[in-house]
Amino acid sequence: MSDVLRIVFSLSLSGTLLILVLFLCKPVYKNRISKRWQYYIWLVVVARLLLPFAPRENLMEALFDRAGQSAGNTIEQLSRSTDQAEGENIDANSGQTSEIGMASEGSEAALTEQTGRSAGQGEKEDGPADFYAAGGDANDLNTGHAISGTDSGVDSGADGATSGFTEKILQYLWLIWLGGAALLLIRKVTMYQSFVKYIRAGREEVSDIKLLDLLAETEGQMEIKRPLELYTNKLVSSPLLIGLFRPCIILPGTDLPEEDLRYTIRHELIHYRHFDLLYKWLVQITVCLHWFNPFVWLMGKETGRACELACDETVAQELDEEGRRAYGDTLLRAIKNGGMDCFREPVVSVTLSESGELLKERLGAIADFRKVSKPVRALSFVMAAVLLLGGVMTGAAAPVSENLSKKGGGNAMPEGVPGKDVGDAMSGKDIIEDASMETLELKGTTYYLVFNESQLRAIGTGKYGLDKDYMQQADIQMSADEWEPIGTMEEPFTGSYNGNGYEIIGLTDAEPAGMFGAARDAHIYNITLRDYNIERNKNSAEQPDFPILACDLGGSRVYDNTVYLPDEIITGVQGTDRARTADEIITGVQGTDSTQTAAAGPAAQEIASRAGEYYENGNLPEFGRAFSVLDESSQKFWLETIYADEKIAFFSVSLQQIETGSPLIGYYAQKAYEDGRIAFFSVLTDYMSKDMLESWQDQAAEEGKFNFESVLLTALGRDWELEARQEEKNRQREEEYRNVGITMNGKLRYYQGQLVNIFLDMSQPGKSFYTLDMNPDGVVNVKIIRDENGKIQGAAYMTDAEVKELFGDI
Amino acid sequence: MIQQVSNSELELMKIVWASGGTALYAHIMEELSKAGFTWQKNTIITLLSRLVEKGLLKTNKIGRRNEYTAVVSEEDYQAEQTQVLLNKLYEGSAKGLVSTLIQREMLTAEDYEELKQFWERKGERK
């Protein structure tokens with residue numbers, strides 16, 4: 001079977017399991033859990049169906065791993081998995097315990113996980129049974145080679161006869177899948193386009209200010225910043241929201257009672273705020289890709305219902321009993337012909353009876369609306385988490401060719417399961433390590449993550465070049481194999497390696513070299529070597545010992561590394577501190593009483609104690625990390641220092657650890673305000689509560705501190721007010737100009753009737769902003785004269801020297 | 001052909017024209033409230049963006065502020081609208097319009113004299 005199909009089928013099957021769980025559990029959660037949960041939970045399924053990522057070991061991998069050799073088996077599996085009798089499962093499972101190999105351990109773990117969950121949710125009896133069937137069958141097939149006389153054995157025998165022909169078909173099966181998906185998607189898109197065209201042709205802008213104001217008011221209440229367009233179109237049967245990029249609301253008409261309009265607008269705006277259009281498209285794409293899977297179609301339908309129910313729920317939430325009744329009435333009136341839908345997509349048409357049924361459900365839900373209690377909310381959260389975990393575990397089968405590298409975590413795993421942890425937990429430590437590394441993006445740098453020895457040894461080979469950035473992610477126990485230093489004199493290491501405080505234990509160095517052989521302009525730090533084996537070096541007493549970096553060809557920064565010598569060596573070197581920093585060793589300070597670093601303590605303490613160092617070196621990210629583990633009084637100390645030194649970047653990094661609205665924020669806000677440090681104040685606004693911002697805004701407005709006001713208004717999102725204030729400010733200034741003889745006509749300035757060429761106003765002496773207008777047609781150069789307080793004294797012609805000075809800067 | 005605008009949109013256009021063809025958003029807000037309109041902020045933004053779409057206004061971002069510039073002058077707009085009126089009601093005959101104006105005493109005798117002189121001057125030039 002081709003790789004593409006392998007992925008698609010595994011995703012489909014994996015998603016189907018989740019869909020089944022949700023459908024089977026529906027009677028249980030339907031009336032108990034919030035409708036919004038019931039709506040958004042499908043996103044987990046959609047994600048499972050769309051994202052071909054999974055942990056290293058998962059149900060689908062196990063299922064497809066060996067069974068995938070013949071698609072006949074797989075398809076057989078698909079059909080059999082759903083209708084297998086329970087008794088047979090038990091057989092298969094009992095066989096499993098004795099037969100399964102290493103690889104299926106993972107799937108077993110996943111299975112127990114899932115059955116445990118199903119039982120915990122109080123699912124119907126046949127739910128877990130069905131579910132188990134798929135898994136049980138999978139194991140059956142995994143071990144099928146050992147069990148004689150099973151179905152799969154017979155099937156593959158039958159397949160063998162026509163294998164030549166089937167093979168060919170299977171080879172091109174993926175084309176059929178792709179063709180189907182493309183055809184469906186194109187059909188959906190073109191139908192949507194023609195629908196949009198149809199809507200657009202007959203629409204008219206709503207020019208009734210009362211209605212527009214109603215929309216704007218509702219947008220304001222719902223904190224929707226972007227104004228939506230409002231149209232009417234007599235051709236639509238019910239109100240709808242349309243347009244993924246420029247959403248607008250379309251009403252069938254405006255001759256409705258105000259109440260109806262109000263609820264209609266609210267309903268559509270909630271669709272907008274819920275990102276329902278995006279959601280719908282996501283589901284449509286999923287359906288297109290999994291067109292062969294009826295369960296996915298079923299899911300498409302279900303999400304449509306859930307979407308409306310969730311929207312109604314949100315409307316109802318803000319209404320009282322009477323309001324809800326009125327909303328129901330509105331719905332009833334509006335739905336006479338179809339439904340109050342957000343873009344009733346024309347591809348899957350909703351028949352009348354169905355929409356009637358949905359309406360009944362919606363009205364029932366509105367009437368029975370009650371706030372969801374806290375425990376239920378907690379429960380729904382847990383359920384979502386469990387389903388998500390289920391989604392991760394059922395996983396997907398990787399392409400065969402990728403399989404090897406994937407085992408090592410070559411694929412990114414957005415589910416947030418770090419490769420190593422899963423690997424260890426699922427399949428034990430025996431799994432063969434693979435050298436491929438995951439990557440991590442941090443501030444524009446790609447770090448290759450080093451979890452194990454193979455990965456460490458891979459540095460400098462293949463795509464893991466000597467110029468890359470590496471970050472260690474786990475303690476690494478090295479084998480006794482000889483260590484090949486990273487980088488040579490000919491090809492030095494030029495990237496960076498961050499040991500991250502993790503240890504490398506038992507590095508065996510045969511040559512008198514270090515972990516790194518040679519480096520240039522490299523960045524090597526935070527490495528901890530334990531039991532570093534330097535047996536030979538010790539004997540050659542003449543040679544200095546370079547455990548971290550043997551030879552620096554210039555420009556490298558090597559720091560914060562720690563080397564613990566093995567016990568036997570320690571006893572040999574009398575009085576040596578057990579921890580010696582590698583930096584000392586490198587510089588050749590071989591004293592027996594070298595200063596001890598705090599390396600022995602927990603990493604957090606160590607980092608904290610280094611805050612000072614990071615601060616001095618300007619190492620912002622490390623300082624931020626250190627700051628986060630400091631106690632409160634140390635944090636205060638550092639904030640005070642940073643503020644005094646005016647190091648705004650450090651200030652910003654540190655504040656990230658302080659709670660929004662904490663008294664500390666208030667304290668510095670006061671200080672920055674009084675000191676006129678607008679930059680610090682601006683950083684602080686990110687951490688102020690709304691009340692704080694508002695009270696500062698009042699004060700700044702009262703005291704006429706316009707620069708503070710502008711920062712605060714921006715933080716409060718009151719841009720319009722800011723514009724108005726700026727406008728007012730400009731007007732005031734123009735008036736001041738007028739008083740000293742400078743007038744404005746359109747965009748041209750005049751001074752005593754003469755057109756001005758250069759106009760310069762250093763608003764506040766010593767401050768960096770000033771007004772400079774230039775008009776090449778002008779004949780005179782004028783500047784504004786201000787006193788020390790910035791008050792305008794008058795205007796004067798500029799001397800040639802002054803003009804020269806002004807342009808000298810430019 | 002200038003697209004038709006609603007009364008409220010025209011109200012905004014008048015403000016832009018009155019301030020020399022270019023106005024900042026804040027200025028428009030202010031003029032509106034002076035004129036006694038209490039429209040919502042989003043309503044005004046919607047109306048302005050419709051005017052931009054119809055090609056009557058151009059928007060220009062100055063820093064964070066929006067500046068609106070009239071693409072069509074008030075005179076042009078009036079001329080265009082008169083043409084529309086003429087075509088619609090008088091089948092393109094300006095005479096018909098003028099006679100209606102006179103008949104309904106919407107045009108004074110002096111206005112008429114002035115108009116006549118204007119017309120004759122035009123004829124001479126030809």
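**Reading a sheet and a chain contact**

Modeller: Let's start with one pair: B:L24 stands opposite B:E67 in β3(B). This is a predicted model, where local features need pLDDT of at least 70, side-chain atom pairs count only at pLDDT 80 or more, and totals for chains, interfaces and linings use all residues. Residues are numbered from 1 along each chain as its sequence is written, while chains are lettered from A and ligands numbered from 1 in the order in which they are written.

Colleague: How many bridges join β1(B) and β3 of chain B?

Modeller: Strands of a sheet pair through backbone hydrogen bonds, either parallel or antiparallel. Pairing here requires that DSSP finds at least two bridges between two strands; strands are DSSP runs of E, at least two residues, and helices are runs of H or I, at least four, numbered from the N terminus. In this model β1(B) and β3 (residues 65–70) of chain B pair in the antiparallel sense over three bridges.

Colleague: What is the strand order of the open sheet in chain B?

Modeller: The order is β1-β3-β2, with antiparallel pairing. At the edges are β1 (22–24) and β2 (57–62) of chain B, each pairing on one side only.

Colleague: Which helix lies across β1 and β3 of chain B?

Modeller: Contact means C-beta atoms, placed from the backbone, within 7 Å. Angles run from 0 to 180 degrees between N-to-C directions, with axes fitted to C-alpha atoms, for helices over the stretch in contact. Here α2 (residues 25–34) of chain B lies across those strands, at about 85 degrees to β1(B).

Colleague: And between the chains, how many residues does chain A give to the contact?

Modeller: Chain A gives 18 residues, and chain B gives 18 residues. On the chain A side, α11(A) supplies the largest share, seven residues.

Terms used. Two residues are in contact if their C-beta atoms, placed from the backbone, lie within 7 Å.
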